[in-house]
Amino acid sequence: TFMILAIGGFLLWFDPVVTLIAFSVLGGTYGLIYVGIRGFVQRLGVQRLERQDDRFRTANQAFNGIKEIKVFGCEAYFLNQFSQVSNAYWRIIIKKSLIAQFPRYVLEILVFGGALTLVLYKLQSGGDFTKVIGLISLYAVAAYRMMPSLDSVLKQLTSVRFSAAVIDTLEENLRDIIHDQMVDGGHRQTLPFDQAIHLQSI
């Protein structure tokens, strides 16, 4: 985004070496976090789709057999079944939300912990305290302003991974539709219908 480019350009003009090192550490950490969580997030997406199917299936069975359920007094059974699959579904959603928030806190610890470490190192090596504090403050503020944009990018990538199972299912359904349309040289066989349908010899 414009914010990242503007801050990055200023820091490169101010101190190219330190800026490149800082960007490498920040970007590398985000990349490692994404690589580490993407497989787990994708598995959560598959589980979310399965639990969603279970919810719809259980609700559909309950509505279709509502008369039998009332007659035999099975309301508690179906209510318990729906509660179980719904709880499993929302636990997956909560896990995904927690994972999406996780990288920001890791980066905050890394940035401010690294700034503190750098301050101690500079003071230990006899650096000017005023210059050191000014330099560290500049990079800390810049990192704090850039992290929301980087965090937003990572959240979007995580959401794409989480929704991959839905996209794969849609792709599979579309492929089946296209395959059906290609049957018999692209001409689908349809039942003739002029005015009415008559059932005979049933």
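Across the whole structure, a search finds 4 salt bridges, a salt bridge being a side-chain nitrogen of Lys or Arg within 4 Å of a carboxyl oxygen of Asp or Glu. The model is predicted, so local features need pLDDT of at least 70 and side-chain atom pairs count only at pLDDT 80 or more, while totals for chains, interfaces and linings use all residues. Residues are numbered from 1 along each chain as its sequence is written, and side-chain values use heavy atoms, with hydrogens and water left out.

View A. The side chains of Lys70 and Glu75 meet at 3.8 Å, N to O. Lys70 is exposed, with a relative accessible area of 55%, and Glu75 is partly exposed at 35%; buried means under 20% relative accessible area, exposed over 50%, and partly exposed in between (1.4 Å probe, protein chains only).

View B. Glu50 and Arg51 form a salt bridge at 3.9 Å, N to O. Glu50 is partly exposed at 39% relative accessibility, as is Arg51 at 24%. Asp54 pairs with Arg57 in a salt bridge whose closest N and O atoms are 2.8 Å apart. These two residues, Asp54 and Arg57, are 3 residues apart in helix α2 and therefore separated by about one helical turn; helices (H or I, at least four residues) are DSSP runs, numbered from the N terminus. Asp54 is buried at 17%, whereas Arg57 is partly exposed at 45%.

**View C. Arg48, a buried residue without a salt bridge.** Arg48 lies in helix α2. Arg48 is buried and has no salt bridge, the nearest side chain of opposite charge being Asp53, 9.0 Å away; Lys and Arg count as positive and Asp and Glu as negative, with His and the chain ends not counted. Leaving out residues up to four places away in sequence, Arg48 touches Tyr89, Ile92, Ile93, Phe162, Ser163 and Val166, where contact means heavy atoms within 4.5 Å.

**View D. Lining of the second largest pocket.** Residues lining this pocket include Phe63, Ile66, Glu75 and Phe82. A pocket is an open set of points on a 1 Å grid over the protein atoms alone, where a 1.4 Å probe fits, with protein on both sides within 12 Å along at least five of seven lines; lining residues have an atom within 4 Å of a point. Helices α2 (16-64), α3 (66-72) and α4 (75-124) each supply at least two residues of the lining.
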